Structure formats: C-alpha cells, structure tokens
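Biologist: Please take a close look at the aromatic rings and go through them one by one. Give me the cut-offs as you go.

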Amino acid sequence: MTRLDGEWLLTGAAGQIGGILRTGLRSVVQGLRLLDIKPLTADSSSERVYRLDLQDLTGLTEAMAGVQGVIHLAGIADEADFRDLTEVNIVGTYHVFEAARRANVGRVIFASSNHVTGFYPTGVPVGPDMAVRPDGFYGVSKAAGEAVARLYADKFGLEVACLRIGSCLPRPTEPRHRHTWLSPRDATAAFVAAMAAPDLRYTTFYAVSANELGWWDHEPGRALGYHPSESAECHPPGSTWEPATDSVQGGVLATPAYTLDRQRPIRAKFTRS
Ligand code: NAI
C-alpha cells in the first residue's frame with residue numbers, strides 16, 4: 001500500500017468526495033488537515049480541522065503551512081449562477097493555488113470535472129489533450145480552474161494534477177453512469193495515484209472507473225499509476241439499462257434549460273429615465 005510522508009490538506013472535506021477521501025487516505029498519509037466552510041470535527045490526533053471560506057487567502061495560506069500537498073475539492077459541484085461559480089470555483093481556486101505558492105506547497109491536486117468536455121457527442125472518444133467543450137457555466141468554471149492550475153505549474157513550478165472526475169457515487173443510478181461512473185474505491189485510487197506520482201509536473205486525466213462503455217481515454221491516468229478496479233456493469237441494474245440516449249456526454253447538464261433555470265435575474269442598473 002502507498003504511504004506518503006507528512007500532512008495533506010483537503011479542501012471541501014465536508015462534502016461527498018471529501019468524506020470518501022477522508023476515510024480512504026487515513027492509512028495513506030501521516031496527517032490530514034480538513035478544510036471547509038461547513039463545520040467539521042477531528043476524529044483522531046492525525047486530523048486537524050479548519051473552518052474557512054475559499055475567499056480567505058490569508059487563512060488558506062496559514063492552513064497550508066508545512067503541508068506536503070493540497071487536494072482541492074471545495075466549490076460548487078453543479079450548474080449554478082455564473083457569478084457564484086466565478087466567485088467560488090474560479091476566484092476560490094485561484095486563492096488555493098496562490099496560497100499554495102505562498103506556503104511553498106509542492107503539489108496541488110485539483111478536482112476538475114468531465115463537464116469540461118461535456119459537449120462532445122456521446123460516440124466520440126475523448127482525451128485530456130482535446131479542446132475543452134464545456135456543457136454549462138459549471139464546466140466553464142472548471143476549465144478556468146484548470147487554466148489557473150496550468151499557470152501555477154508553468155510559471156511557479158507547482159506540481160499539479162487535474163482530475164476530471166466522472167460521476168462519483170456509491171453505485172450507478174442512471175444510464176449515463178454506464179459511461180461515467182467513478183466508484184468511491186476508484187476515486188481514492190485516482191487521488192492517491194496523483195498524490196504519489198514521481199516526477200509530476202502537470203497532468204490532466206479522467207478519474208473514472210473501468211466502465212466497459214466508457215468514453216474517456218484511460219491512458220493518461222494509467223501513465224500516472226491509476227488502475228481502476230470497478231465497472232458500472234457489475235452493479236445491477238446497470239447492465240440491463242440501455243446505454244445513454246443523450247446526444248452529448250454531459251447529459252441533462254448540457255440542455256439550455258439546465259443552465260438558464262439557475263441564473264439570477266440581472267438587475268437593470270443603467271436604465272435611463
Ligand atoms: P460537495 O458539494 O459534496 O462538496 C463540496 C464542498 O465544498 C462542501 O462541503 C462545501 O461546503 C465546500 N465549499 C463550497 N464552497 C466553499 C467555500 N467558499 N469555501 C470553503 N468550502 C466550500 O461536492 P463533491 O461531490 O464532494 O465534489 C467535490 C469536488 O469534485 C467539487 O469541486 C466538484 O465540482 C468535483 N466533482 C465532483 C463530481 C462528483 O461526481 N461528485 C464529479 C465531477 C467533479
């Protein structure tokens with residue numbers, strides 16, 4: 001089993017994947033710093049908790065002092081108002097990378113999303129070197145986060161991995177998941193591979209299970225040491241569903257209504273009398 005030195009900081013530790021990694025990383029790292037805007041309680045002496053907003057750059061920098069690396073999960077994990085996504089997912093991600101630079105953190109793992117490329121048709125195999133085609137403002141915010149990540153790798157020498165996460169759930173719950181499912185065990189394996197990879201500079205890969213009907217190139221993950229062990233087909237009734245009938249990979253998120261229904265009205269500030 002992989003063992004890593006030192007402490008790692010997990011943003012978004014109170015969330016769904018935060019809970020999975022909190023458990024999964026217990027035997028992997030010496031200590032975990034758990035950060036979230038929501039309250040958390042330390043379960044053991046190897047955990048420390050930080051209740052912080054991603055907008056607090058000074059607090060983030062202090063929380064990162066002395067850590068080996070950061071896993072950045074915190075954010076809005078769905079389509080939302082564009083201005084909220086900008087503040088939390090783009091400015092917040094900039095704050096995480098800038099805090100990591102200031103605190104001399106070696107490595108940052110960024111939780112990106114498959115919705116960065118959700119507008120590719122369902123029949124098309126997609127890899128991380130292809131142009132982004134976000135399927136909504138959420139995907140736009142993650143594409144911007146990846147650009148911030150790349151800048152901090154190229155300009156400031158941080159070691160960075162962006163994981164384009166599929167659909168992380170205990171089991172598949174809809175036909176699209178035959179293509180996109182990421183099991184909790186494989187999620188942990190994907191993050192551990194990115195945390196432990198030697199000679200990492202900058203990489204992007206799809207964190208997805210070994211689904212027989214998968215759309216995304218497994219090779220970049222494999223090259224880093226990520227070997228998924230589960231498949232949506234092994235979870236009934238998954239194998240009896242028809243494959244997804246959507247025309248594009250993002251599914252319902254790619255529809256105009258899914259985005260438009262989540263925008264706040266824009267105030268007419270500049271009306272003339
Ligand atoms: P989640 O919504 O369960 O957790 C997100 C956490 O971030 C929450 O605990 C929330 O309190 C925290 N947070 C939100 N705004 C914050 C702020 N301003 N400051 C500090 N903390 C804040 O999301 P989940 O499912 O755990 O996803 C984690 C990450 O992975 C997200 O960035 C999401 O976009 C990404 N992802 C998740 C997928 C999934 O299948 N769950 C798929 C693709 C990407």
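Modeller: F137 has a relative accessible area of 30%, so it is partly exposed. That class lies between buried (under 20% relative accessible area) and exposed (over 50%), using a 1.4 Å probe and protein chains only. F82 has 34% relative accessibility and also counts as partly exposed.

Some ground rules. This is a predicted model: local features need pLDDT of at least 70, side-chain atom pairs count only at pLDDT 80 or more, and totals for chains, interfaces and linings use all residues. Residues are numbered from 1 along each chain as its sequence is written, and side-chain values use heavy atoms, with hydrogens and water left out.

Now the pairs. A pair of aromatic rings is described by the distance of the centres and the angle of the planes. Rings of Phe, Tyr and Trp (its six-membered ring) pair if their centres lie within 6.5 Å; planes under 30 degrees apart are stacked, over 60 edge-to-face, and the rest tilted. This rule gives 6 aromatic pairs. One of them joins F82 and F137: the centres are 4.8 Å apart and the planes are at 65°, so the pair is edge-to-face. F82 sits in helix α3 (residues 82-102) and F137 in helix α4 (residues 137-156), so the pair ties together parts 55 residues apart in sequence. Helices (H or I, at least four residues) and strands (E, at least two) are DSSP runs, numbered from the N terminus.

F205 is buried, at 0% relative accessible area. Y226 is buried too, at 2%.

Next, a cluster: ring pairs link F97, Y152 and F156. The charged end of R101 sits over the F156 ring, 5.3 Å from its centre. For that, NZ of Lys or CZ of Arg must be within 6 Å of the ring centre and within 35 degrees of the ring normal. R133 lies over the face of Y120, 5.0 Å from the ring centre.

Last, Y202, which is in strand β9. Leaving aside neighbours within four places in sequence, Y202 is in contact (heavy atoms within 4.5 Å) with E146, A149, R150, A153, V160 and C162.
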